[in-house]
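The following note is intended for a colleague who is meeting this structure for the first time. Its points are numbered so that each may be checked in turn.

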Amino acid sequence: MSVELSEGLLSTATAHLLNKVGHRGTVHDYPGFSPSVDAEAIRKAIRGIGTDEKTLISILTERTNAQRQRIVQEYQAAYGKELKDDLKGDLSGHFKQLMVALVTPPAVFDAKQLKKSMRGTGTSEHALIEILTTRTSRQMKEISQAYYTAYKKSLGDDISSETSGDFRKALLTLADGRRDESLKVDEQLAKKDAQILYNAGENRWGTDEDKFTEILCLRSFPQLKLTFDEYRNISQKDIEDSIKGELSGHFEDLLLAIVHCARNMPAFLAERLHQALKGAGTDEFTLNRIMVSRSEMDLLDIRAEFKKHYGYSVYSAIKSDTSGDYEITLLKICGGDD
């Protein structure tokens, strides 16, 4: 087989894999898409007497982010205004935040979420952990660039000044976007890493945290899954139990999140959604982030895991927890009941 052909097949296989991952979303390219038609309809919806929310919602939830970016460009070119500014001026509350999120490029959106989670009093460690554990290395590099462009400070500098200790070290490693993304697994390496983890924790007095950080923050998720199996063989214990026994605080939370993501990322995000939607108040910061950022990736899988673990659907949870145009928009993004 010629090199060109095998490379062609390889890229087809890669594309197929990416499609498989990418097609577990609820938002797809809108057929017959015309950015100028959409920009004009949005302009009318905003300019009219009273805002026509229905039109805004139906256009922005039925287009992919790439298509929305073309609408944003078209809108700017035709009306000399930033669509997000017009939305901000016209809408309010959680609905406004959600609509602005929809027209924001993914890396910029994540950068803003990271900034928000480190801003003001206290740091929202859960948001930091969720974003840094679920984004790919390539996404992390794009987020870092977007962060620097927006705030003229590096993401690493802000993480450094807002966090400390082993938690900081691990977050910085993740923010670097150096996790191996290959799908190939190496059994020998898994055995070796499992032994290193065992020696760094269960098998010694005190814990060597750096070894945990190095392996959990740099190995690919499929590789980690195999490593955790080997770990169980060596120690007769699940890695989660060892982490809980050996470590504490936000560092423990972060490593447990990585283990959960390596085993089943949609289940990890379903748990985050559940926490955002249960109890007295709704955590809209988390709800918006997961619904928007996963809508073209794996929201169908997240919905399935949610139903499996909690016995009711994301759709019904949103319905009972939110209201008005905010609810309508979230339900459209959700894409259906389970």
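This is a predicted model: local features need pLDDT of at least 70, side-chain atom pairs count only at pLDDT 80 or more; totals for chains, interfaces and linings use all residues.

1. Domain 2 and domain 3 bury about 1100 Å² between them, and 77% of that area lies on carbon and sulfur atoms.

2. The wider layout is as follows. The domain assignment divides the protein chain into domain 1 (29–103), domain 2 (106–176), domain 3 (187–263) and domain 4 (265–334).

3. Which charged pair crosses the interface of domain 2 and domain 3? The rule finds one salt bridge there. Aspartate 210, which falls within domain 3 (187–263), pairs with lysine 169, with 3.2 Å between the closest N and O atoms. The interface also has one residue pair in polar contact.

4. Glutamate 230 counts as buried at 13% relative accessibility, whereas lysine 191 counts as partly exposed at 37%.

5. Aspartate 193 and arginine 219 also meet through their side chains in a salt bridge, at 2.5 Å from N to O. Aspartate 193 lies in helix 12 and arginine 219 in the loop between helix 13 (209–218) and helix 14, so the pair ties together parts that are 26 residues apart in sequence. Is aspartate 193 buried or exposed? Its relative accessibility is 1%, so aspartate 193 counts as buried. Arginine 219 is partly exposed, at 22%.

6. A further salt bridge is formed by lysine 211 and aspartate 208, whose closest N and O atoms are 3.6 Å apart. Lysine 211 counts as partly exposed at 34% relative accessibility, and aspartate 208 is partly exposed as well, with a relative accessible area of 22%.

7. Lysine 81 is placed in the loop between helix 4 (65–79) and helix 5 (83–90). A network of salt bridges links Arg43, Lys81 and Asp86. Leaving aside residues up to four places away in sequence, lysine 81 touches Arg43, Tyr75, Gln76 and Asp86. Lysine 81 is partly exposed, with a relative accessible area of 36%. The C-alpha atoms of lysine 81 and isoleucine 243 are separated by 51 Å, and the two residues are 162 places apart along the chain.

8. Lysine 152 has phi near 55° and is found in the loop between helix 9 (137–151) and helix 10 (155–162). Lysine 152 is exposed because its relative accessible area, 57%, is over the 50% cut-off. Glutamine 236 has a phi of about 60° and sits in the loop between helix 14 (221–235) and helix 15 (239–246). Glutamine 236 is likewise exposed, with a relative accessible area of 58%.

Key
Residues are numbered from 1 along each chain as its sequence is written. Side-chain values use heavy atoms; hydrogens and water are left out. Domain bounds come from an automatic or database domain assignment. Buried area is the accessible area (1.4 Å probe) that two parts lose on being put together, summed over both. A salt bridge is a side-chain nitrogen of Lys or Arg within 4 Å of a carboxyl oxygen of Asp or Glu. A polar contact is a pair of N or O atoms within 3.5 Å; within protein, one must be able to donate a hydrogen and the other to accept it, and residues adjacent in sequence count only if both atoms are side-chain atoms. Helices (H or I, at least four residues) and strands (E, at least two) are DSSP runs, numbered from the N terminus. Buried means under 20% relative accessible area, exposed over 50%, partly exposed in between (1.4 Å probe, protein chains only). Contact means heavy atoms within 4.5 Å.
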